[in-house]
Amino acid sequence: MLAYKYSNLVKEMKRNKESQRSLSKILGISENSVRNKLSGRNEWTIGEIETLCDYFKRDYYELFGKE
């Protein structure tokens with residue numbers, strides 16, 4: 001099972017019924033890139049973080065902060 005570094009973001013995705021595929025379309029990146037970013041293998045860009053905060057109507061700490 002894949003461990004996610006950004007569990008708050010994953011929980012928000014589940015609450016909104018968003019998949020890694022839908023996030024990839026929202027961000028304009030591949031599903032593999034989304035998977036790598038969620039697991040912490042790759043870093044999020046500032047633009048991607050802003051897009052996700054706007055999309056989910058949450059602030060940075062709600063999506064990317066530690067629980």
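A nonpolar core is a set of buried Ala, Val, Leu, Ile, Met, Phe, Trp, Tyr and Cys residues that are joined through side-chain atoms within 4.5 Å, where buried stands for under 20% relative accessible area, exposed for over 50% and partly exposed for values in between (1.4 Å probe, protein chains only). The model examined here is predicted, and local features need pLDDT of at least 70, side-chain atom pairs count only at pLDDT 80 or more, and totals for chains, interfaces and linings use all residues. Residues are numbered from 1 along each chain as its sequence is written, and side-chain values use heavy atoms, with hydrogens and water left out.

The largest nonpolar core has 15 residues, and those with the most contacts inside it are Leu 9, Leu 38, Trp 44, Leu 52, Phe 56, Leu 63 and Phe 64. Two or more residues are given to this core by each of helix H1 (7-15), helix H2 (20-27), helix H3 (31-39), helix H4 (46-56) and helix H5 (60-64), helices being DSSP runs (H or I, at least four residues) numbered from the N terminus. The largest share, four residues, comes from H4. Leaving aside its neighbours within four places in sequence, Phe 64 is in contact (heavy atoms within 4.5 Å) with Tyr 6, Leu 9, Trp 44, Ile 49, Leu 52 and Cys 53.

In H1, the buried residues are Asn 8, Leu 9, Val 10, Glu 12 and Met 13, and the buried residues of this helix pack against H2, H3, H4 and H5. Val 10 counts as buried because its relative accessibility is 11%. Although Val 10 and Leu 63 are 53 residues apart in sequence, their C-alpha atoms are 8.4 Å apart in space.

Gln 20, which is found in helix H2, likewise counts as buried, at 16% relative accessibility. The side chains of Gln 20 and Arg 35 are joined by a polar contact of 3.3 Å, that is, a pair of N or O atoms within 3.5 Å, of which, within protein, one must be able to donate a hydrogen and the other to accept it, while residues adjacent in sequence count only if both atoms are side-chain atoms.

The axes of H2 and H4 come within 10 Å and cross at roughly 115°, axes being lines fitted to C-alpha atoms, for helices over the stretch in contact, with angles that run from 0 to 180 degrees between N-to-C directions. H2 is therefore roughly perpendicular to H4, a description that covers angles of 65 to 115 degrees. Leu 23, Ile 26 and Leu 27 of H2 make the contact with Glu 48, Thr 51, Leu 52, Tyr 55 and Phe 56 of H4.

Technical notes:
Angles under 35 degrees count as roughly parallel, over 145 as roughly antiparallel, 65 to 115 as roughly perpendicular and the rest as oblique.
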